[in-house]
Amino acid sequence: MKVDRVKPGEGIESAYLWHIVKGLGVTVGHTVRQLVGSQPVQTKEYPEVRKEMPEGYRGKHRLLQKESGDPKCTACMMCATVCPAACIHIEAGEHPDPKVEKFPVSFDIDLLKCVFCGMCVEACPVDAIRMDSGVYTFADFQRDDFVVHKDELLRTPSQWSDPV
Ligand code: SF4
Ligand code: SF4
C-alpha cells in the first residue's frame, strides 16, 4: 500500500519555529486574559483548593445516619452481594430493640479493590450508602490503610451541603 508522506515545510516552517511561536501565543493569550479577569482562572491551588466534582461523580463512599445517629444500614448484604470486586465486608448484628432491623457491627470497604462502579449504591434498598463525598484522591503508606471502616464511612460528609 502506498503511503503519502508529509512533505517537510520550507523556510521558517521547516524549523517549526512558527508552530512554537503560535503555541506560545495561545499560552500568553490565556495568561493575560486570566490576569485581567476576562477569563476565569483554570488552575487550582491544589491541594489547598480542590475541584468540586460534578453531580453523579462516584467518589469515596459514605454511610448515612438516621436522625438518632445510628447507621441507616440494615446489614442486608445487598451491596456486598452485588459488588463485582467483592470488596465490601459486613458483619451483621442483632439490635437489642426488636423493632429495629439488623445493623452493621462492622462495615469495611477495601478501596484498593473497589472499581467505583456504583453498584453498591444502586443496590441499597434504604439509601444507606452513597458515593457523593467528592473525595477522589487516596494516598497512604500501607495497603491496610486503604480499607475504610464503619466509623470513617459514617463520618465522611457529602460534597454538597444539601445532597439530593
Ligand atoms: S463501587 Fe462497585 S466495586 Fe466499589 S464497593 Fe461499590 S459495588 Fe463494589
Ligand atoms: S448499605 Fe444498604 S445494601 Fe449495603 S448492607 Fe447496608 S442496607 Fe444493605
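Which residues of the largest nonpolar core touch the most other members? In this predicted model, they are Leu63, Cys73, Cys79, Cys120, Cys124, Ala128 and Ile129, out of 14 residues in that core. The legends below take up this core and other parts of the structure.

**Figure 1. Overall arrangement of the protein, with 4 helices and 5 strands.** Read from the N terminus, the order of elements is α-β-α-β-β-α-β-β-α. Of the 164 residues, 14% count as buried. Among contacts with a separation of 6 or more, 68% are between residues 24 or more positions apart.

Figure 2. Ile129 touches His61, Leu63, Cys73, Cys79, Cys120, Val121 and Cys124, where residues up to four places away in sequence are not counted. In soluble globular proteins, nonpolar side chains tend to be buried together.

**Figure 3. Surroundings of ligand 1, comprising 13 residues.** The closest residues are Cys83, Cys114, Cys117, Met119 and Cys120. By class, this shell holds 12 nonpolar residues and 1 polar residue, with no charged residues.

**Figure 4. Surroundings of ligand 2, comprising 13 residues.** Here the closest residues are Cys73, Cys76, Met78, Cys79 and Cys124. The shell contains 12 nonpolar residues, 1 polar residue and no charged residues.

**Figure 5. The open sheet of 3 strands, in the order S2-S3-S5.** The pairing in this sheet is antiparallel. Strand S2 (88–93) and strand S5 (147–148) stand at the edges with a single partner strand each, so one side of each has no neighbour in the sheet. S2 pairs with strand S3 (residues 103–110) over 6 bridges. Within this pairing, His89 stands opposite Asp108 in S3, and Ile90 stands opposite Phe107 in S3. Strands of a sheet pair through backbone hydrogen bonds, either parallel or antiparallel.

Figure 6. Gly37 follows H1 and has a positive phi near 90°. In the loop between H1 and strand S1 (62–63) lies Pro47, and the peptide bond from Tyr46 to Pro47 is cis, with omega near 5°.

**Figure 7. Two alanines with positive phi, Ala75 and Ala86.** Ala75, although not a glycine, has a positive phi of about 55°. This residue is found in the loop between S1 and helix H2 (78–82). Ala75 is buried, because 21 other C-beta atoms lie within 10 Å and the cut-off for burial is 20 or more. Ala86, likewise not a glycine, has a positive phi of about 50° and lies in the loop between H2 and S2. With 10 other C-beta atoms within 10 Å, Ala86 is exposed, the limit for that class being 12 or fewer.

Notes
Residues numbered from 1 in each chain as written. Chains lettered and ligands numbered in written order. Predicted model: local features only at pLDDT ≥ 70, side-chain atom pairs only at ≥ 80, totals over all residues. Near = placed C-beta within 6 Å. Nonpolar A, V, L, I, M, F, W, Y, C, P; charged D, E, K, R; others polar. Core = buried A, V, L, I, M, F, W, Y, C linked by C-beta atoms within 7 Å. Contact = placed C-beta atoms within 7 Å. Pairing = 2+ DSSP bridges. Helix = DSSP H or I, 4+ residues; strand = E, 2+ residues; numbered from the N terminus.
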